[in-house]
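Dear colleague,

Please find below the structure that I am handing over to you. My notes on it follow directly after it.

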Amino acid sequence: MPHPTTIAGRPPSASHLTLSQIMDQHHTNLMGTVHGGRILNLIDSVAGVVAARHSDGPAVTAAIDETAFLRAVRVGDVVHVDARITWAGRSSMEVAVKVTADRWDRAVPPTDVATAHLVMVAVDDAGQPRPVPPLLAETDGDRRRYREAEIRREHRLALRRALLDGVEEG
């Protein structure tokens, strides 16, 4: 995975993070389940920490895509937000997030709740993009996730070009 900078690379394991939180009645929507926005907030927050750890400084959210809500979360569920870097470019990184939940009062296997992919951009004190370390794959899973992230990146860039072309024509 070539990288144009001389910054030492880092493996995904160096910044991988899982955050767990018990959901209570303050997190619910009008349906009585945990508000999807609360789950998105957790996803964005954990992805931000992972990106900051990988890049040694602040990173901002540039895009959240490929988000899928698979199951509702209920009051009393313990939500686990697991995030890892899957791709790194010059100043941007993709973070894959998987959200699972289990019950606070029972030893049951966690169920899948949501997945998302975020693009984070490392920024300096002036808010300008700054270089990030390349990603060093350690496992076959890391290499597979990197290839998949490159495909998502190409799709995002193609979509952006198409949308910008449409704006210029209109």
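L164 lies in helix α2, where helices are DSSP runs of H or I with at least four residues, strands are DSSP runs of E with at least two, and both are numbered from the N terminus. L164 is partly exposed, with a relative accessible area of 42%; here buried means under 20% relative accessible area, exposed means over 50%, and partly exposed lies in between (1.4 Å probe, protein chains only). From L164 to V121 the separation is 43 residues in sequence and 21 Å in space, C-alpha to C-alpha.

Two remarks on the source are needed at this point. The model is predicted, so local features need pLDDT of at least 70 and side-chain atom pairs count only at pLDDT 80 or more, whereas totals for chains, interfaces and linings use all residues. Residues are numbered from 1 along each chain as its sequence is written, and side-chain values use heavy atoms, with hydrogens and water left out.

The sheet

Five strands form an open sheet in the order β1-β3-β4-β5-β2, with antiparallel pairing; two strands pair if DSSP finds at least two bridges between them. At the edges are β1 (17–22) and β2 (59–69), each of which pairs on one side only. From one strand to the next, the twist averages 20°. Helix α1 packs on this sheet and touches β1, β2, β3, β4 and β5, while its direction makes about 40° with that of β3. For these values, contact means heavy atoms within 4.5 Å; axes are lines fitted to C-alpha atoms, for helices over the stretch in contact, and angles run from 0 to 180 degrees between N-to-C directions.

Strand β4 and its partners

On one side, 11 bridges join it to β3 (residues 77–88) in an antiparallel arrangement, and a hairpin of three residues links β3 to β4. Within this pairing, D77 stands opposite R103 and I85 stands opposite V95. Strand β4 is also joined to β5 (residues 111–122), by 10 bridges and again antiparallel. T100 has D112 in β5 as its bridge partner.

E94 belongs to strand β4 and is buried, with a relative accessible area of 1%.

The nonpolar core

The largest nonpolar core has 33 residues, and those that touch the most other members are I39, V79, M93, V95, V97, V99 and M120. Such a core is a set of buried Ala, Val, Leu, Ile, Met, Phe, Trp, Tyr and Cys residues joined through side-chain atoms within 4.5 Å. At least two of its residues come from each of α1 (36–55), β3, β4, β5 and α2 (140–169). The most, seven residues, come from α1. Not counting residues up to four places away in sequence, V99 touches I39, I43, V79, H80, V81, T111, D112, V113 and A114.

S55 is placed in helix α1 and is buried, at 4% relative accessible area. A polar atom of its side chain lies 3.3 Å from the backbone oxygen of G57. With residues up to four places away in sequence not counted, S55 touches R10, M93, A122, R130, V132 and P133. D56 lies in the loop between α1 and β2. At 58% relative accessibility, D56 is exposed, and its phi is near 60°, a positive value in a residue other than glycine.

The database record

In an unreviewed entry, UniProt lists residues 13–126 as "domain: HotDog ACOT-type"; its positions are given in the numbering used here, feature names are shortened, and annotations may be inferred rather than shown by experiment. Over residues 13–126, the chain is 18% helix and 46% strand, with the end C-alpha atoms 29 Å apart.

Yours sincerely

How values were computed:
Polar contact = N/O pair within 3.5 Å; in protein donor to acceptor, adjacent residues only side chain to side chain.
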